[in-house]
Structures are given as C-alpha cells and as structure tokens.
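Student: I would like to go through this protein and ask what the terms used for it rest on.

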Amino acid sequence: MAAAQGAGSGSAGPSGPPGSAPGHSSTSTLVVVWEWQDEFGRWRPYRGNVCSYIEQVIQASQQKGRRSGSGLASSIPLGHADPALAPYVIDIPSFMQFRQDTGTMRAVRRRTFPGDSAAGQGIVWEWQNDEGGWSPYEMDVCVFLEQAHATNHQRVDLGLLGYNYEIDFVAQVQTNKTTRFRRSVQRRLDAPYPVTTSATPLHTGVGCSCQQCWPNSGTGPITTRYRHSMTNFPNSSSTHQAPGRTASVSSSNVGYVPYNKPTLTGARSTPRLSAQSPLVLAQTGSLSAALTASNGVSTQALPVKMPKPSRVSQALAATPTEPESVVKKYLEELKSAPADEDCMICMEKLSSPSGYSDSCQSSTIRPEAVGRLRNCQHSFHMLCMLAMYSNGNKDGSLQCPSCKTIYGEKTGTQPKGKMEISTFPQSLPGHKDCGTIRIVYHISRGIQGPEHPNPGMPYTARGFPRYCYLPDNEKGRKVLELLKVAWKRRLIFTVGTSNTTGESNTVVWNEIHHKTEMDSNLSGHGYPDPNYLDNVLAELAAQGVTEDCLGQ
C-alpha cells in the first residue's frame with residue numbers, strides 16, 4: 001500500500017483479523033486466489049478471471065494426466081487469460097512467475113478463502129493513489145475490511161495486519177496514524193474468485209509432492225525438470241525494502257502491466273482461453289509533486305534528442321540488428337541438446353523443437369537448434385531467443401532470461417524529454433553529512449514511434465515533471481552518473497500501461513527505482529533507506545549500466 005492512512009482514534013474494530021489463510025475445510029465452500037510476491041514481500045492477488053484460468057489449466061492437466069499417465073502442465077501463459085499479461089508465464093515446478101522479455105522471476109502461491117468472504121463474493125476494497133486511480137488492497141486486507149463492514153463497524157485499525165493505517169467506513173478514508181495523511185477508499189464489486197473443486201481437505205504447511213498438495217503451496221516442489229538453482233533467480237533474495245514503497249518502476253520485474261506481445265504467446269503447447277478485462281497488477285508507487293524549496297548551486301540539463309520519427313537503429317548503426325545475426329552472434333549452436341533440460345522461454349525440453357516453431361519462422365535457424373550463450377553458458381532454443389529478440393526493442397543486444405546477463409549495449413524505448421540536475425545544501429534523512437542532489441525528469445505527451453506498443457498512436461505523460469532525490473555524497477554521485485547513462489540509453493521510462501491507474505499508452509517507470517520524496521519513508525518513496533543506493537546500483541547493473549560505462 002502507499003502512504004495512505006485512516007482517521008480518528010479509539011476506533012472500534014473486530015477483535016482480530018479474519019484468518020489470512022483460512023484453514024481448509026471439507027464442509028464449507030472455498031474459493032481459490034493466486035497471488036504474486038512483489039519486491040517488498042507483499043502478496044498481490046491476480047484478478048478473478050486470471051485465477052479462474054490458472055485453475056482451469058491445472059484441472060485440465062490433472063484430468064489429462066489421470067487418463068494418459070503424463071505429468072502435470074509445467075507452465076501456464078497468463079496472456080491467454082489477459083492480453084495485458086502476455087509476457088508472463090507461471091512456471092509450475094518452481095512456483096515462479098517468469099517474465100519472458102526481461103527474464104524477471106517472482107514467487108507465486110495458491111490460497112483458499114471461504115466462499116462467503118470478500119474473495120468469494122467478488123468484493124474488492126481499494127485506495128486512491130497519487131495519480132487519481134484506484135489500487136486494490138491485499139486480499140487479507142480486503143477480507144478483513146469486508147468482515148468489519150458487514151458487521152457494521154464504523155472504523156477499523158489495520159495494525160493487526162501490519163499496517164500503520166486506520167479505515168473510516170463512514171467517511172470512506174484511510175489515515176496514516178503517524179502523519180495523519182488521508183486517502184479515499186472505496187468498495188467495488190468485481191468478478192468472484194473460482195470455487196475449488198477439491199472435495200478432500202487440502203494439506204496445510206509446507207507442500208509435499210502429491211498431486212493434492214502440489215497446487216496448494218507456494219513452497220511446493222521443484223521437480224528435476226527445472227534446471228536452475230533458486231539462488232540464480234534475480235529476485236530470490238528474502239530481503240525487502242519493508243515496510244514501504246519506492247516509486248514503482250517495475251522493480252526489474254512485474255511492476256507495470258506491459259502491453260500485449262503476441263509473438264511470445266504463440267508457443268504451440270500452451271492452452272488457449274479467450275478473456276477480456278485487463279489486469280492491473282497491484283502496485284503502490286506514488287509520485288510526489290511537491291518540490292522542496294532550494295537554493296540550488298548547480299544545474300544541469302540532459303535532453304534526449306532524437307530524429308523524427310525516433311529510430312534507435314540509427315544510433316546503433318554499427319551494431320548488427322538483423323534478428324538472426326544477433327542471435328547467432330551471442331549464442332553458440334550446440335551439436336546435441338542437453339537431454340533433461342528445459343528451455344526457460346517456451347518451457348519445452350531442449351531435446352524437443354522450440355515451442356515457438358509455429359509462430360516464429362526463420363530461414364537460417366532450425367526449430368530444434370539449441371544454442372548456449374557465450375558468457376553465462378545458459379542454453380535455450382535458438383528460435384525462442386529469436387522470437388524474444390524480435391518481440392523487443394531490436395537494438396542489437398540480448399539479455400539472458402535466466403541470469404539477466406546483457407550481451408551488447410541495451411537501449412530502451414523512453415520517449416524524448418529532458419533530465420535536469422541540481423544540488424542544494426539541505427540533507428536527506430540518514431545522510432546528514434552531505435547535501436542533496438535533485439533530479440527532475442521532463443517528458444511531454446507525443447506520438448508513439450516504431451519501438452512502442454502502438455506506433456502512430458498518441459501517448460500521455462502523467463505526473464511530469466517528476467522530482468527525485470539522491471544524497472550528494474560519493475555513492476550518490478556515482479548513482480547519478482549511472483542514471484545519466486541510463487537516461488541517454490532511454491532506460492528510465494517506457495510507454496506502457498500504468499499499474500496504478502490502468503491507463504494504457506502512457507509513460508511509466510521502467511525497472512530502475514527512484515526516490516520521489518525527501519523524507520517520510522512510511523511510503524517507501526523517501527528517506528531514510530540505508531539499502532537504497534546499493535539496490536539501485538544493482539538495478540542499473542541489471543540493465544547493463546555499470547562503472548565500465550562511465551569512461552565511454
């Protein structure tokens with residue numbers, strides 16, 4: 001959640017929260033909610049239609065397995081339930097969500113709630129974000145709020161669920177108990193979550209490898225088919241920037257809902273389902289428009305200048321960008337495929353043809369060709385890498401979906417704009433020994449270029465100028481210099497769908513966290529945050545922006 005908060009003191013509320021993960025019962029109806037874990041350790045629910053699709057695929061796979069003796073489905077492409085989720089696949093053996101165009105991994109889990117709870121009734125509680133849109137609370141909070149609302153409570157305290165907020169149902173506001181900052185809240189009716197068809201009580205606790213327990217635990221088994229160690233996941237670390245939120249930039253993961261990428265949803269082995277409403281993944285970024293008064297002692301502006309229309313290929317004229325040439329440049333074709341390894345992109349065995357052989361054609365790369373990336377040594381179907389590259393920016397670079405190693409110079413799709421830098425003597429909390437660097441990003445609305453999701457269509461630019469802050473010390477200045485490189489490479493913003501408002505064709509953050517407030521880190525967008533500079537350096541490195549770039 002954001003820096004939003006409830007009102008009043010002496011609030012009466014339920015004696016305790018409803019069971020956050022209700023015990024499994026064979027006597028009452030249960031609904032299933034699938035959730036993904038954000039970068040702060042919070043579990044965010046998929047919408048009801050997406051959960052219904054996941055359950056449908058699992059049930060169909062189980063029925064097929066009972067008839068033929070084959071194993072369960074190894075992957076579930078979410079784009080078939082919601083086109084806005086086209087790049088995302090749930091890898092069942094590892095219980096991870098995989099983003100195909102960036103290689104980002106996130107944990108997922110399956111939970112059940114009573115049929116008469118908010119989840120079963122399709123009731124969603126939401127808070128109003130800084131951009132005027134509505135963001136859903138976590139499912140535990142929705143269940144808690146609906147129970148309190150149904151029992152005629154006028155005010156509840158979310159402290160029992162780990163939040164510093166109070167909710168006033170009469171005024172329909174959320175208040176921060178420390179800062180007294182208030183936000184509107186609303187109760188909305190959405191599609192209910194799917195009813196589970198399991199007639200037997202499901203296991204609780206750590207999942208085992210039986211088919212009953214397999215779909216019920218976020219810890220559940222990693223089979224021998226999954227070849228990557230958990231320690232190789234870019235986001236498997238258990239440390240999070242709790243309890244707050246930094247301005248959401250997709251966190252090298254699932255931060256914003258990307259636009260539809262049909263090429264990567266064409267794997268021949270994936271089931272299909274028609275769906276409609278787009279999913280807005282719950283994200284809690286906020287942008288502070290307030291500019292602290294400063295007596296800046298230095299100012300610098302870094303415009304992004306591009307010809308009309310913007311052509312990234314012109315800036316990279318010396319780099320071979322023909323898709324087949326790029327794939328062959330960075331992958332060495334293997335004479336024989338590893339016998340029991342999967343391709344992380346299509347989730348087929350490497351010993352089988354590429355899952356994209358029906359939707360991605362090449363005159364020089366065979367469907368069964370397997371290649372190994374030259375530096376990190378991870379192996380994939382070469383046709384899958386071709387499909388992934390052709391579906392992206394086509395800038396002459398490749399990024400390993402497994403370890404995120406970048407080959408070549410990665411560039412983005414950031415629209416033209418201006419980056420201004422100034423300094424002033426006021427200190428940031430946690431950095432009292434130095435002044436402050438202020439970055440101001442200016443981007444205006446415009447027309448999408450060939451590298452954007454809908455070329456020729458307008459895009460909006462909400463919330464600009466955007467103000468960001470760094471400590472004016474050695475490490476802060478290092479981050480600044482690397483952010484300049486990222487800006488010139490068009491990596492800081494992109495055009496996509498806002499995860500807070502659901503608006504498509506708009507400028508959104510793109511995988512590099514920024515601090516948009518100077519203090520009051522209850523929101524996570526400000527200071528103090530002792531881990532922020534190290535975290536953003538790691539995110540920049542994941543985009544190929546390292547100290548090696550500074551002398552270029």
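This is a predicted model: local features need pLDDT of at least 70, side-chain atom pairs count only at pLDDT 80 or more; totals for chains, interfaces and linings use all residues.

Student: What makes S15 and S16 a pair?

Tutor: Two strands pair if DSSP finds at least two bridges between them. Strand S15 (residues 370-373) and S16 are joined by three bridges, so they pair, and they run antiparallel. Arg372 has Ser379 in S16 as its bridge partner.

Student: Which order do the strands of the open sheet have?

Tutor: The order of the three strands is S14-S15-S16, with antiparallel pairing. Strands here are DSSP runs of E, at least two residues, and helices are runs of H or I, at least four, numbered from the N terminus.

Student: Why are S14 and S16 called edge strands?

Tutor: Strand S14 (331-333) and strand S16 (379-381) each pair on one side only. From one strand to the next, the twist averages 40 degrees.

Student: Which strands does helix H5 touch?

Tutor: Helix H5 (residues 323-330) packs on the sheet and touches S14 and S15; contact means heavy atoms within 4.5 Å. The direction of H5 makes about 80 degrees with that of S14. Such angles run from 0 to 180 degrees between N-to-C directions, with axes fitted to C-alpha atoms, for helices over the stretch in contact.

Student: How many helices and strands are there in the protein?

Tutor: The protein has eight helices and 25 strands.

Definitions and conventions:
Residues are numbered from 1 along each chain as its sequence is written. Side-chain values use heavy atoms; hydrogens and water are left out.
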